[in-house]
Amino acid sequence: MPEIGTISGEEAAALTGGHRALRHVMFQAALVAAHHNPSLKSCADHLCKAGKPHKVIITALSTKLVTIANALCKGRQKWTAATA
């Protein structure tokens with residue numbers, strides 16, 4: 001996805017739906033993030049408690065991941081885990 005880092009967050013999230021290969025990779029990454037990333041896990045737990053289906057939760061997390069990746073590339077930053 002060469003356009004990552006040069007587009008808005010909404011455009012990055014929309015691209016996820018159009019790229020089949022990216023969608024499959026992001027689905028797998030979202031599954032892992034839902035269990036191991038504290039901030040994304042809390043988001044997944046919140047959606048689960050709201051009664052959202054599993055696929056909706058994973059799709060929301062994959063969209064969040066693409067938006068985060070776009071923002072990091074745009075700002076030329078590295079991922080740092082938030083410490084509480």
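Angles under 35 degrees count as roughly parallel, over 145 as roughly antiparallel, 65 to 115 as roughly perpendicular and the rest as oblique. The legends below apply this convention to a predicted model, in which local features need pLDDT of at least 70 and side-chain atom pairs count only at pLDDT 80 or more, while totals for chains, interfaces and linings use all residues. Residues are numbered from 1 along each chain as its sequence is written, and side-chain values use heavy atoms, with hydrogens and water left out.

**Figure 1. Overall helical arrangement of the protein.** The protein has four helices and zero strands, giving the pattern α-α-α-α along the sequence. Helices (H or I, at least four residues) and strands (E, at least two) are DSSP runs, numbered from the N terminus. Of the 84 residues, 25% count as buried; buried means under 20% relative accessible area, exposed over 50%, and partly exposed in between (1.4 Å probe, protein chains only). The protein exposes about 5,900 Å², with carbon and sulfur atoms supplying 62% of that area. Accessible areas come from the Shrake-Rupley method with a 1.4 Å probe, and for residues only the protein chains shown count as cover. Among contacts (heavy atoms within 4.5 Å) between residues at least 6 apart in sequence, 60% join residues at least 24 apart.

**Figure 2. Packing of helix 2 against helix 3.** The axes of these two helices come within 6 Å and cross at roughly 95°. Axes are lines fitted to C-alpha atoms, for helices over the stretch in contact, and angles run from 0 to 180 degrees between N-to-C directions. Helix 2 and helix 3 are therefore roughly perpendicular to each other. Ala33, Ala34, His35 and His36 of helix 2 make the contact with Pro38, Leu40, Lys41 and Ala44 of helix 3. By class, five of these residues are nonpolar, two polar and one charged. Ala, Val, Leu, Ile, Met, Phe, Trp, Tyr, Cys and Pro count as nonpolar, Asp, Glu, Lys and Arg as charged, and the others, Gly among them, as polar.

**Figure 3. Packing of helix 2 against helix 4.** Helix 2 (residues 20–36) and helix 4 pack at an angle of about 100°, and their axes lie 8 Å apart. That angle makes helix 2 roughly perpendicular to helix 4. From helix 2, Met26, Phe27, Ala29, Ala30, Leu31, Ala33 and Ala34 meet His54, Ile58, Leu61, Ser62, Leu65 and Val66 of helix 4. This contact has eleven nonpolar, two polar and no charged residues.

**Figure 4. Packing of helix 3 against helix 4.** Helix 3 (residues 38–49) and helix 4 (residues 54–74) pack at an angle of about 150°, with axes 10 Å apart. Helix 3 is thus roughly antiparallel to helix 4. Leu40, Cys43, Ala44, Leu47 and Cys48 in helix 3 meet Ile57, Ala60, Leu61, Lys64 and Leu65 in helix 4. The residues of this contact comprise nine nonpolar, no polar and one charged.

Figure 5. Lys64 belongs to helix 4 and, at 38% relative accessibility, counts as partly exposed. Leaving aside neighbours within four places in sequence, Lys64 is in contact with Leu40 and Cys43. The C-alpha atoms of Lys64 and Cys43, 21 residues apart along the chain, are separated by 9.9 Å.

**Figure 6. Position of Glu10 in helix 1.** Glu10 lies in helix 1 (residues 9–18) and counts as exposed at 64% relative accessibility. The C-alpha atoms of Glu10 and Val66 are separated by 9.8 Å, and the two residues are 56 residues apart along the chain.
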